[in-house]
Structure formats: structure tokens, C-alpha cells
Amino acid sequence: MTDKKQDLKPSKKLYNFKWLNFARGGRIPAFALLAAALFLQVSDPQFLSSFRDRIFDIYQQSQPREAQYPRPVVVIDIDENSLLNLGQWPWPRSYLAKLVENTTKSGAAVIGFDMLFAESDRLSPNEMSQNIVGLPPLVQRQLSTLPSFDGIFATAIENSRVVLGISVSPESIGANNLGLDRIPSFALLGQDPKPFLRNYPALIGNIDKLDEAASGRGMISLDQDFDGIVRRIPLANRIGDKIIPSLALDMLRVATGRNVIIQTNENGIVGFKVAGTLVPTDTRGRIWLKYAQYDPALYISALDVINGTVDDTVLAGKLVLVGTSATGLKDLRASPLTSNLPGVEMHLQLLENIWSQSYLFRPDFIAIFEWTGTLMTGLLLIILVPLAGARATLGLLVFISVTAIGSSAYFFVYNSVLIDVSYTLFISILVYITMVYANYRGTEQERTRIRTAFAHYLSPELVKRLSASPDSLVLGGEEREMTFMFCDVREFTVISEGYKHDPQGLTHLINRFLTPMTSEILKHNGTIDKYMGDSIMAFWNAPLENDQHRKDAANAALQMIVRLAALNAKLREEAERENRAFKALRVGIGLNTGVCIVGNLGSEQRFDYSVLGDPVNLASRLEGQTKEYGFSIILGESTATAIPDYAMIELDLIAVKGKQEAVKIFGLLGNEEHAKRTQFIEAKEAIETFLSLYFSKNWDEALNKLNFIESLNPRLEKFVTLYRDRIRTFTITPPPTDWDGVFRATRK
């Protein structure tokens with residue numbers, strides 16, 4: 001039994017390892033994001049459905065419905081011109097009676113009013129006889145005997161096929177429920193549709209005289225979405241057990257003379273059959289409008305109809321809507337294509353949708369299809385991104401996006417089906433970004449560990465470069481102009497003797513020296529090549545390019561001298577406090593600029609990022625010459641020419657040991673500000689005059705000039721002594737007649 005348990009342990013560890021390996025690459029946060037997104041898609045909050053509707057608006061804007069000609073619907077428009085000529089609204093209903101009579105004579109198939117007549121006409125003579133205070137009794141009797149405008153209007157309605165507008169009310173207060181019992185019943189096919197229709201508590205109808213004369217009555221209420229746009233119109237709602245048709249639906253019933261059938265299944269309403277043709281809706285009995293562009297030519301002024309100036313062919317056989325575009329009557333709506341449309345335009349669009357059978361479809365299963373698309377795309381990315389990498393899966397994401405958008409556009413254009421892929425694509429992009437970011441974070445953490453481990457050995461810039469591009473760790477180099485520095489402690493052997501019994505103290509001293517020197521080099525964009533005991537080798541303009549590498553190197557050297565002075569001051573205080581001998585640290589710094597090979601140099605087993613070339617050797621030789629000339633910093637001519645405004649003094653024309661070619665060398669004392677000091681200018685001019693005498697072999701005057709230079713500044717003592725010894729040698733053994741002034745060094 002024990003052996004079996006032991007056999008099971010490795011497999012359990014292997015399982016745990018596989019799980020941890022699978023969970024890497026950001027899969028866990030990506031799974032959490034996908035799960036939250038799928039839950040949100042199922043719950044479908046208002047902001048999400050509103051965003052989806054905006055996407056569908058873009059579809060319609062890019063491909064509006066193409067209207068079929070001849071257009072089946074016209075609008076008799078109570079426009080601004082009609083109000084200007086016939087007076088403010090409401091008009092006497094005798095005007096509307098004339099409108100109905102003339103429209104009927106022109107052969108209109110049916111007339112639908114996008115307005116309510118919930119009260120008697122106050123302009124009717126019988127109403128005026130009761131409402132005008134102080135009217136003489138005779139006049140009052142005469143008015144009351146005149147025909148009622150409501151009666152005239154009702155007669156005109158009765159002699160035509162008119163569908164009056166009614167409105168469902170969300171509140172019982174103010175509703176009159178007039179004509180509710182006269183609404184014809186629907187034929188039913190399948191289950192009871194009432195549970196799927198929106199229920200309202202009451203109805204606002206028309207006065208009985210008009211309603212009894214009408215051939216039909218239909219809802220003029222429009223459902224606006226959250227943003228005020230009319231996208232869907234219910235073909236029917238209900239008040240209790242009574243199903244209320246829309247204005248357009250009842251106009252079609254009256255026009256065709258056929259009863260409307262509601263077809264329903266267990267999931268909800270399938271559609272409404274009009275004259276044997278099914279008008280598909282969503283499960284709640286709403287139809288998505290497929291809008292055509294607003295066409296003002298379909299609008300006929302009510303003034304022209306009432307005056308009888310409209311050609312009969314304009315209205316013959318048409319479905320006629322009566323509405324208003326006048327701004328003051330405030331019946332304005334918005335569509336996905338246009339804002340501030342007359343409200344009657346929505347009924348016009350609905351009638352044309354049904355007449356031409358050009359609907360928009362969004363079946364319920366589409367939502368399931370969209371949810372499945374989000375799930376599958378998200379899972380595919382979660383699985384593949386860590387395996388295939390960000391670049392390959394980016395191509396996959398682009399392919400999925402193009403395919404989804406193309407398919408959605410295809411189904412809209414050719415099948416009028418609304419499929420929303422925007423949410424799926426948005427979540428897919430979020431999942432992709434989450435996983436790429438997680439991988440990036442993991443890579444950054446790995447790079448941070450690399451930087452932490454190697455920052456003690458390499459320059460920060462080099463560590464950054466290597467961690468960013470590990471593939472650069474190969475043998476090879478590139479040719480580049482660079483500036484090189486060699487820094488060495490003078491008389492270090494003597495200093496070491498003082499620590500012969502304290503090697504730890506010597507190590508501590510060297511560390512205290514190298515730390516500020518290194519800090520200044522790195523601060524001025526330099527790269528430490530290597531430490532050699534008490535010496536430092538550094539370079540500029542690699543691995544990163546630096547256009548002012550000569551100036552940065554010079555500034556670093558000057559600041560190193562300043563930091564060394566501060567260190568010496570501390571060391572002196574410590575020595576005095578401990579009552580021991582003090583010896584100041586002094587350095588020599590050589591700077592030179594030239595073209596070298598820089599890169600990973602070494603063997604296949606081990607290599608180093610370093611430089612190779614003659615300018616490097618010259619920089620090393622110049623550092624060695626600092627003790628000969630008494631200057632802490634000596635520059636090669638190629639470096640000096642790049643900083644002409646700095647405080648520099650030409651020292652010699654010298655061929656360093658191991659080289660035949662001579663170079664001018666310069667002693668660097670300070671920056672531009674130092675170069676403006678009177679003491680420096682005087683010393684520089686004196687040395688330039690001396691060198692002119694020296695190279696012209698005018699030994700006596702040259703010696704006199706050296707005496708003057710020595711009196712100017714005791715720090716020039718080594719420089720003066722060096723040239724005195726040379727001149728004395730030349731007076732005993734004169735140089736050859738073709739002497740070029742070059743001093744050939746015999747020591748490094």
C-alpha cells in the first residue's frame with residue numbers, strides 16, 4: 001500500500017507542474033476577464049444595448065434602405081405654410097373634413113391620422129354658442145342650429161376609409177379609454193400572444209362621434225430608445241385583454257379588407273400576418289425599422305389638399321398619412337439616419353417596410369450566437385497567445401476581426417440581419433492586451449533580475465541593452481568613432497606599502513576611490529570597460545550613440561578631479577583623527593578620440609563587450625605622460641579640437657612609446673568658465689610663446705620664458721623642469737638640422 005502511495009506522488013507533482021505551466025502567460029486574469037464579459041453580455045445592461053444599437057445605426061447609415069418606386073405612402077403635411085394660411089392649430093374640423101373628402105375623391109386607398117381627437121371641436125358653432133360669454137340669445141340659438149364641425153368631419157370619415165390615431169397611456173389619470181370596445185379582435189395562430197405584448201393601463205381615444213365613423217383605429221405611440229432614437233416600433237400592445245394594433249397595421253387591415261393574424265410560439269410572437277403575408281417581429285411584437293433616406297417629395301401640403309390643387313395621381317391608390325412637420329407642434333423624432341424628423345415619418349417608414357417586405361431581422365438566437373462567438377474567440381486567444389506568441393496571435397486576431405466584421409456586413413447587406421460583433425471584438429482585444437501585458441510584465445521582471453545581477457559588473461546602459469536584446473550576445477563588433485579614458489592612481493605602490501598589514505583597509509580605500517570616479521563616468525554617459533586594480537578604463541559613444549562624447553568625457557575627467565579633492569579632504573581628516581600619516585591620492589587621466597572596433601570581443605566560450613584599436617592604446621600612453629608633464633588630464637589632439645573653448649594648454653608634439661607617428665597633446669585644466677580667468681590666459685599665452693621659441697631652437701630666450709612661466713604658477717614646475725632638461729641636453733648635443741620638434745618618449 002505504501003509503495004502505491006509513493007507511486008502516486010510523482011504523477012501528482014507532474015499534474016501540479018502542468019497546471020502551473022498552463023496558468024502562466026496571463027491565462028488566469030484573461031479567464032477572469034472573459035468570464036466577467038460573458039456574464040455582462042448575458043445580463044445585457046442598458047449601456048451595452050445602447051452601444052449595440054449605435055453599431056446598428058452605423059450599418060443603416062452606411063447602407064440605407066433603397067426605396068421602391070412608385071412609393072406606396074404619401075403624407076399630407078400640416079406644415080408651416082398651411083398654418084400660416086389657415087390659422088393656428090387646432091383647425092376647425094370642417095377643414096379636416098374637406099381634407100378627407102378631397103383625398104378620398106383622389107382615390108386614396110386608406111387615410112391614417114397621426115393625431116388624436118380626444119375632445120370636441122371648440123371652434124364648432126354649437127361649442128362656440130356655449131363658450132362665448134355675453135352672446136345675445138338670438139345669435140346663440142342661430143349658432144346652435146348650425147351643423148357641428150365634428151359631425152361634418154364624422155360624415156367625411158364615414159364616407160371614406162379612415163383610421164384614426166389612438167395612444168396607449170402609461171397612466172390611467174388623464175386617459176379616457178374611448179373606442180376601446182370598438183377595436184376589432186385579432187385572429188390567433190398558436191399560443192396566446194398577450195403575455196409577450198407590453199401591457200398599458202389605459203387608452204387615450206377619440207370622441208365617440210368620430211370613432212364610430214372610422215373604419216379603424218391604431219396606436220400612434222412610438223417607442224423611443226434610451227438615446228431618443230426610434231429604432232423599433234411595436235405592431236401591437238395591449239390594455240388588459242384587449243390587443244391594440246399600431247396605426248400602420250390597422251391601415252393595412254383596412255386597405256386590404258383582411259383580418260390580421262398574430263402568429264405565436266412558445267418563445268414569443270413570430271409575426272403578424274396581413275393579407276396572408278407574414279410580417280416578422282421580435283418575440284415582443286416589435287419590428288426593426290429599415291430606414292430609407294428622408295424624402296420631402298413624399299410630403300404634400302395640407303393647404304393644397306384642402307384647396308383641391310393636388311393632382312389626383314399623387315394620391316390615387318396610396319396609403320395616406322396625415323401628420324405634421326411644423327416645428328411649433330412639437331411632433332419631431334430622431335432616426336438612425338436623421339434627427340428632427342416629423343413623427344409621421346416613422347409610420348411612413350413602417351408602412352413601406354411592410355409593403356415592400358424589407359425588414360431588419362434580429363432573431364433571439366443571434367444573441368446566443370454572439371455570446372458563443374465571444375466565448376470561442378476568447379478561449380482561442382487564451383490558449384494560443386502564450387504558445388504561439390504575441391505577433392502570431394496578433395495576425396489571428398486581425399483575421400478574426402476582419403472575418404467577423406465582413407460576415408456581419410454581409411448578413412446586413414444581403415439578408416438584412418443585425419449581428420453585433422463589436423462586443424466580441426472588444427472583449428477579444430481586451431483579452432489579447434491582458435495576456436500580452438502579462439507576458440510583458442513577466443519579461444520585465446526577468447529583465448529586472450538580469451539587471452540586478454549584472455549591474456555590479458557592467459554599465460547600466462549595457463545591461464539595459466543586453467536585457468532588451470539578448471541576441472546581441474554574439475561575437476563581433478562594429479566600427480565607430482569613440483572617446484577613451486584611462487585613469488590611474490599615481491605612486492600607488494608607495495600607498496600600498498602603508499597597508500601591508502591591513503589588506504582590508506587597502507581594499508576599502510580602493511573602493512572609496514573607484515566609487516566616485518565611476519559615478520562621474522556613468523553620470524556623463526560613459527561606459528566602464530574594466531577595472532585594473534587602481535586603474536579604470538572607460539569609453540564614450542557605445543553601446544549607445546552620443547554626439548557629444550568628447551565633451552562628456554572631458555567633463556567627466558574634470559569632475560573626477562573635483563571628487564578626488566573632496567575624497568582627499570575626508571582622508572586627511574580621518575588620518576589626523578587617527579594620528580597616522582596621510583598621503584593624498586593623485587591620478588593621471590588620458591583622453592583620446594578615434595575610430596575603433598567596439599562589440600563583443602573574445603572567444604566562443606567567453607567574451608566581453610570591449611574596444612579594440614590604436615586610439616585606445618594612445619589614450620593609455622597619454623595617461624602615462626601625465627606624471628612627466630605635471631598635468632592631471634592630458635588630451636589627444638582629436639579630443640581637444642572638439643572642445644576649443646575649454647581651458648587647455650598645448651604641451652608638446654610627442655611620439656609616445658611604441659609609435660612613430662607624432663601627435664599634439666594638451667593639458668586640460670577646466671571648462672569654459674575656467675578658460676576666461678586672467679591667470680589661465682596669461683599662463684597659456686606664455687607657454688604658447690615658449691613653444692614657438694623652443695621649436696625654432698631659440699634656446700636662450702626659451703629658458704628665460706621658462707623662468708617667467710615658473711613664476712606665474714608653481715604648479716607648472718614639472719612642465720618647466722621637463723623642458724629645461726631637454727634644452728640643456730640640446731645645448732650640449734644639438735638636434736639635427738632637419739629636427740621636426742617631435743619628442744620621442746622612451747617611457748610609457
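**Burial, salt bridges and helix packing**

Q: In this predicted model, are R65 and E352 buried or exposed?
A: R65 is buried, and E352 is buried as well. The term requires a relative accessible area under 20%.

Q: What makes the pairing of R65 with E352 a salt bridge?
A: The closest N and O atoms of R65 and E352 are 3.1 Å apart. The limit for a salt bridge is 4 Å, so the pair qualifies. The two partners come from distant parts of the chain, 287 residues apart: R65 is in the loop between helix 3 and strand 1 (73–78), whereas E352 is in helix 13 (residues 344–356). The structure holds 36 salt bridges.

Q: How do you know that R182 and D211 meet in a salt bridge?
A: Their N to O distance is 2.5 Å, and the cut-off is 4 Å; the pair therefore counts as a salt bridge. R182 lies in the loop between strand 3 (162–169) and strand 4 (187–190) and D211 in helix 9 (residues 208–213), so the bridge ties together parts 29 residues apart in sequence.

Q: Why is D211 called buried?
A: D211 has a relative accessible area of 0%, and buried means under 20%; D211 therefore belongs to that class.

Q: What links D225 and R231?
A: A salt bridge does, with the closest N and O atoms 2.9 Å apart. Both D225 and R231 are buried. They also belong to a network of salt bridges that links D53, R54, D57, D225, D227, R231 and R232.

Q: Why does F226 count as exposed?
A: The relative accessibility of F226 is 67%. Exposed means over 50%, so the label applies to F226. F226 is placed in the loop between strand 6 (216–219) and strand 7 (232–234). Apart from neighbours within four places in sequence, F226 is in contact with Q46 and S50.

Q: What makes R52 a buried residue?
A: R52 has 13% relative accessibility, and the limit for buried is under 20%; R52 is therefore classed as buried. R52 lies in helix 3 (residues 46–62). Leaving aside neighbours within four places in sequence, R52 contacts D44, R362 and D420.

Q: Why are helix 14 and helix 15 described as roughly antiparallel?
A: Helix 14 (residues 365–388) and helix 15 (residues 390–415) pack at an angle of about 155°, with axes 8 Å apart. Angles over 145 degrees count as roughly antiparallel, and the two helices are therefore given that description. Their crossing is right-handed. Helix 14 contributes T377, L380, L381, L384, V385 and A388 to the contact, and helix 15 contributes A390, A392, T393, L396, L397 and I400. By class, the contact has 10 nonpolar, two polar and no charged residues.

Q: How do you know that A275 counts as partly exposed?
A: A275 has 30% relative accessibility. A275 lies in the loop between strand 11 (268–274) and strand 12 (277–280). Its phi is near 55°, a positive value in a residue other than glycine.

Q: What makes N525 partly exposed?
A: N525 has 47% relative accessibility, and exposed would require over 50%; N525 therefore counts as partly exposed. N525 lies in the loop between helix 19 (503–523) and strand 19 (527–532). Although N525 is not a glycine, its phi is positive, at about 65°.

Note on methods:
Residues numbered from 1 in each chain as written. Predicted model: local features only at pLDDT ≥ 70, side-chain atom pairs only at ≥ 80, totals over all residues. Heavy atoms only, no water. Helix = DSSP H or I, 4+ residues; strand = E, 2+ residues; numbered from the N terminus. Buried < 20%, exposed > 50% of the residue type's maximum accessible area, 1.4 Å probe, protein only. Contact = heavy atoms within 4.5 Å. Axes fitted to C-alpha atoms, helices over the stretch in contact; angles between N-to-C directions. Parallel < 35°, antiparallel > 145°, perpendicular 65-115°, else oblique. Left-handed = near helix turned anticlockwise from the far one by under 90°. Nonpolar A, V, L, I, M, F, W, Y, C, P; charged D, E, K, R; others polar. Salt bridge = Lys/Arg side-chain N within 4 Å of Asp/Glu carboxyl O.
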